[in-house]
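Reader: I'm new to this structure and would like to learn how to read a few of its features. Could we look at it together?

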Amino acid sequence: MDNRYSRQLQLSSFGPESQKKLQNAKVLVVGAGGLGVPVLQYLAGMGVGTLGLVDGDLISLTNLHRQVLYSTPEVGKPKVEVATQKLAQLNPAIQLVPYQTHLTLQNALEIIKEYDLVVDATDNFEARYLINDACVLLGKPFVYGALHQYEGQVSVFNFEDGPTYRCLYPNPPSAEEIPDCNTAGVLGVVPGLVGCQQALEAVKVITGVGKSLSGYLLMLDFLNQSQHKIKLKAKPENQRIQRLQASYAVASCTTVPEIDPSELMEWMNQGKKLLLLDVREENEYVAGHLQKALLTPLSMFEHQVDQMPTHLPIVTICQKGGRSLKVAQMLLDKDAGAEVYSMKGGMDAWQEQLHNHLVVS
């Protein structure tokens, strides 16, 4: 047995048998961001034999305060590419399988079927429901983690006839009900703490050491250093899913056309008539926005969509591209013939590619 694992092998309740289970395990981590980074680092370090990494994003400067696997010179590079290189240096004895893509309706079953366990390290509801339903169909357990500002949640779903994610949240909330971390903000250390809990639960599921959170939701309040567990009940109807649903169209497979920042800048320089909608919150808009962009926050857009003119091409803009896709889809739902685009990568991508050209504050 590799001497690198000697400290955990010394544990009386762990030992060589548990280490062998880790070595034989195949774990898929969906998301290589704030939650995924600590999960990947610890599972790689502890010797999980095969780690799959699913993420289609590029590293941005705003990631670095919490995604500490990455560094400033790597901004703009694919997360899975950089993560795979660094994890291989951490532990060359394990197999790393990168998937530079988002998990989608089209690829979820094909990817997940190859693994024993899935760790949900995503940051949006669409992906969570997709992971849940795919895991139910394939009979795979998954470790759930989520955070909001100073709080976190962790659980284990679809494990040993336990509850599924739909037993906790039967239906997705609307896009306006729950903001992502780009809207609400996140303290850098919080995803690290939640991700470590997820890594621990993954090890418990794989090895059988200790008691997993299956059947319980762990609620963590890091600002006040308090935590409690909520007991969950398995509902048989949520364990009888027959197929994946087209309704959770994650951002990566949406039908909304996207426009690259450089192409949008060309349009603006050419004087093309456009309606630019900045769908971030006011504090984000004030910090820096594109010339002639109108502030129309996603949080209020549901009440404004019917008043929006669609006779001009519309480009929706947010910080990273997620919120703008939601608003663009709402506009297309109102008028399927409208010419609507979402700016790919949001203001982060604009500033990385074009710096502050045409940005005012």
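Reader: How many salt bridges are there, and what counts as one?

Author: A salt bridge is a side-chain nitrogen of Lys or Arg within 4 Å of a carboxyl oxygen of Asp or Glu. By this rule the model has eight salt bridges. It's a predicted model, where local features need pLDDT of at least 70 and side-chain atom pairs count only at pLDDT 80 or more, while totals for chains, interfaces and linings use all residues. Residues are numbered from 1 along each chain as its sequence is written, and side-chain values use heavy atoms, with hydrogens and water left out.

Reader: Where do Arg323 and Glu284 sit?

Author: Arg323 forms a salt bridge with Glu284, with the closest N and O atoms 3.0 Å apart. This pair ties together distant parts of the chain, 39 residues apart: Arg323 lies in helix α13 (residues 322-334) and Glu284 in helix α11 (residues 282-287). Helices here are DSSP runs of H or I, at least four residues, and strands are runs of E, at least two, numbered from the N terminus.

Reader: Is Arg323 buried or exposed?

Author: Buried means under 20% relative accessible area, exposed over 50%, and partly exposed in between (1.4 Å probe, protein chains only). Arg323 is buried at 2%, and Glu284 is buried at 11%.

Reader: What about Glu17 and Lys21?

Author: They form a salt bridge too, with the closest N and O atoms 4.0 Å apart. Glu17 and Lys21 are four residues apart in helix α2 (residues 15-24), so about one helical turn separates them. Glu17 is exposed at 57%, whereas Lys21 is partly exposed at 34%.
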